[in-house]
Amino acid sequence: MQIAAITDHTGADVRGLDLSAPVGEAARQALRAAFVDHHVLAIRDQSLSPSQLLQAVTLLGEIFPQHNTRFALPECPQIHYLSNQDHFPDGRRYIPGEGWHTDHSNDVRPPMATALHAVKLPSRGGDTQFANMAQAYDALPDSTKARIAPLMAIHVYQSSHSARKLMGLSEVNKERVPNAVLHPLVRTHPESGRKSIYVNPIRIEGLLGLDHKEALPLLGELLEHATQPRFQYRHVWRHGDLVIWDNRCLLHKANGDYDMTEVRYLYRVMLQGDVPR
Ligand SMILES: [Fe+2]
């Protein structure tokens, strides 16, 4: 197995690994360490069935139950799919993952990691962008670090301030998804110890104790700062890619910039995280 950094802060290519076969303990530990060091692993040349994918990702952690079971694969419900062939009830096309976000931050223990495995890709476009929130935090002026240090953000399933609308939850799903949770605006990575900015424009409804007039411009400034190109890695998908990333220190976004007559279909699975601190 070869692991090679893609940028100097985010992303590594992993080659020479076949996840459809058993993986030894040394390789598992090397993958786990690379995941924490590089935040995004692009494991190349895989061809995994849903159950093989499940087995592969559980090398790195426990499965996180996703909130909207509408996208679960019937034959393997812990795995969901992302597809550009879905539509909102009003007929508009649903492009999952557009706009900067971190997955399921409205959970008490949001997923540590998300993994996507490309099943069908458009001939061009549909890249996934990642922004490194630890790099972004380090680059903040000290005055901003001091200002945001004590702040707590209120995360909900769908922020009323978000331009992007999510697919609604069924009544059964609503019962098991919290109405709102509080997470710090600056979180410390439980493994690396690095601090990062923890924002999420589709989920954050407000900042505890701050008026919207103050909170929304601050959140907007933090997002603009944190998603500058210098903090980004842009993943160009290839057939066979299994990409797994660390939600504890990254934002990500999909791009609906390709020919929508072409199918883009990926399997998605998440790993359990801990309470952000
Ligand atoms: Fe996402």
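The model is predicted, so local features need pLDDT of at least 70 and side-chain atom pairs count only at pLDDT 80 or more, while totals for chains, interfaces and linings use all residues. Residues are numbered from 1 along each chain as its sequence is written, and side-chain values use heavy atoms, with hydrogens and water left out.

**Exercise 1. The iron site**

Task: Identify the protein donors of the iron ion and state how they are spaced in sequence.

Solution. 
- Step 1. Apply the definition: donors are N, O and S atoms within 2.8 Å of the metal (3.2 Å for Na, K and Ca); water is not among the atoms, so sites may look incomplete.
- Step 2. The iron ion has as protein donors NE2 of His101, OD of Asp103 and NE2 of His252, at 2.1 to 2.2 Å.
- Step 3. The spacing of these donor residues in sequence is H-x1-D-x148-H.
- Step 4. His101 belongs to the loop between β5 (76-83) and β6 (113-120), and His252 to strand β15 (residues 250-254), so the pair ties together parts 151 residues apart in sequence. Here helices (H or I, at least four residues) and strands (E, at least two) are DSSP runs, numbered from the N terminus.
- Step 5. His101 and His252 are both buried. Buried means under 20% relative accessible area, exposed over 50%, and partly exposed in between (1.4 Å probe, protein chains only).

**Exercise 2. Cysteines**

Task: State how many disulfides the whole structure holds, and decide whether Cys76 is buried or exposed.

Solution. 
- Step 1. A disulfide is a covalent bond between the sulfur atoms of two cysteines. The criterion is a pair of cysteine sulfur atoms within 2.5 Å.
- Step 2. Searching the whole structure gives 0 disulfides.
- Step 3. Cys76 has a relative accessible area of 9% and is therefore buried. Cys249, at 4%, is likewise buried.

**Exercise 3. Salt bridges**

Task: Count the salt bridges, and describe the one between Arg194 and Asp138.

Solution. 
- Step 1. A salt bridge is a side-chain nitrogen of Lys or Arg within 4 Å of a carboxyl oxygen of Asp or Glu.
- Step 2. This rule gives 13 salt bridges.
- Step 3. Arg194 and Asp138 form one of them, at 2.8 Å from N to O. Arg194 lies in the loop between β10 (186-188) and β11 (195-197) and Asp138 in helix α3 (residues 133-138), so the pair ties together parts 56 residues apart in sequence.
- Step 4. Arg194 is partly exposed at 29% relative accessible area, and Asp138 is partly exposed at 43%.
- Step 5. Asp13, Arg15, Arg44 and Asp241 are joined in a network of salt bridges.
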